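Reader: I'd like a close look at one spot in this protein and whatever is packed around it. Could you walk me through it, then zoom out?

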Amino acid sequence: AGIGTLTFYEPSTGSFGGLGHPVCDVDTGEIVPLSSGEVCGVCINDVVRGSAGSPGELVGAFIPSGNTGVLLSNTPSGLFGTLSQSPTDAAAIPMAMRQEVAVGKAYILSTIDGTTAEMYEISIEKIILRDNDEGKNMVIRVTDERLLEKTGGIVQGMSGSPIIQDGKLVGAVTHVFVNDSTKGYAIFCENMYKEMLKVAE
């Protein structure tokens with residue numbers, strides 16, 4: 001189905017969440033039932049730029065990661081499972097509750113070249129507090145010139161890219177606006193986390 005991004009990892013349980021939306025059947029749009037799956041590393045080697053009416057995509061190849069992970073569930077809020085070890089040496093950051101998320105500057109953490117994730121500036125333009133299962137809790141806009149030059153904004157494969165604001169994990173990128181690749185939707189991390197807890201039960 002393509003490349004997607006692991007959003008967060010909880011050190012105390014080994015659980016992770018990713019993508020922020022389900023993996024769906026290309027023809028029917030229905031959520032694909034998950035029989036089994038594993039986590040793989042990816043090296044991004046090309047980018048198809050997004051433009052009006054034509055969403056771009058990250059192009060890459062799977063690589064051995066040395067970190068065995070198991071997918072447990074494919075849900076409306078994303079993919080969830082467990083990892084054998086932390087995917088990074090970076091210090092953990094706290095999760096923001098939805099009431100803490102604010103309109104204004106934020107950052108996404110995304111890998112658009114090779115295997116190294118970088119921070120890119122975005123703007124959270126709208127917050128939608130009502131519950132929905134579509135991963136559309138925020139409207140975001142890419143403002144970072146480096147990312148705009150390389151990708152044209154949000155492209156397929158960036159789904160699940162963590163959104164960080166004021167040192168807290170607030171959510172993940174989920175969708176691109178087809179007619180404006182600089183803008184898209186994002187899901188609250190809180191919603192993904194609640195779904196992860198259900199999977200872990």
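Author: Let's start with Leu 58. Leaving aside neighbours within four places in sequence, Leu 58 is in contact (heavy atoms within 4.5 Å) with Ile 3, Ile 44, Asp 46, Val 47, Thr 111, Ile 112, Val 155, Gln 156, Gly 157 and Met 158. A caution before going on: this is a predicted model, where local features need pLDDT of at least 70 and side-chain atom pairs count only at pLDDT 80 or more, while totals for chains, interfaces and linings use all residues. Residues are numbered from 1 along each chain as its sequence is written, and side-chain values use heavy atoms, with hydrogens and water left out.

Leu 58 is one of the residues with the most contacts inside the largest nonpolar core, which has 25 residues; Ile 108, Ile 122, Met 138, Ile 140, Leu 147 and Ile 163 are the others listed. A nonpolar core here is a set of buried Ala, Val, Leu, Ile, Met, Phe, Trp, Tyr and Cys residues joined through side-chain atoms within 4.5 Å, and buried means under 20% relative accessible area, with exposed over 50% and partly exposed in between (1.4 Å probe, protein chains only). Among the elements giving two or more residues to this core are strand 3 (41–48), strand 7 (104–110), strand 8 (118–127) and helix 1 (145–151). Helices (H or I, at least four residues) and strands (E, at least two) are DSSP runs, numbered from the N terminus.

A second, separate core of 8 residues includes Phe 80, Ala 172, Met 192 and Met 196. Phe 80 is also touched by Ser 73, a residue of strand 5 (residues 69–75). Ser 73 has a relative accessible area of 17%, so it counts as buried. As for Ala 172, its bridge partner in strand 12 is Ile 187. Strand 11 (residues 168–177) and strand 12 (residues 180–188) run antiparallel, joined by 6 bridges; two strands pair if DSSP finds at least two bridges between them. Helix 2 (residues 189–200) lies across both strands, at about 45° to strand 12; axes are lines fitted to C-alpha atoms, for helices over the stretch in contact, and angles run from 0 to 180 degrees between N-to-C directions.

Zooming out, 6 strands close into a barrel with antiparallel pairing, in the order 7-8-9-12-11-10. From one strand to the next, the twist averages 45°. The chain has 2 helices and 12 strands overall, and 42% of its 201 residues count as buried.
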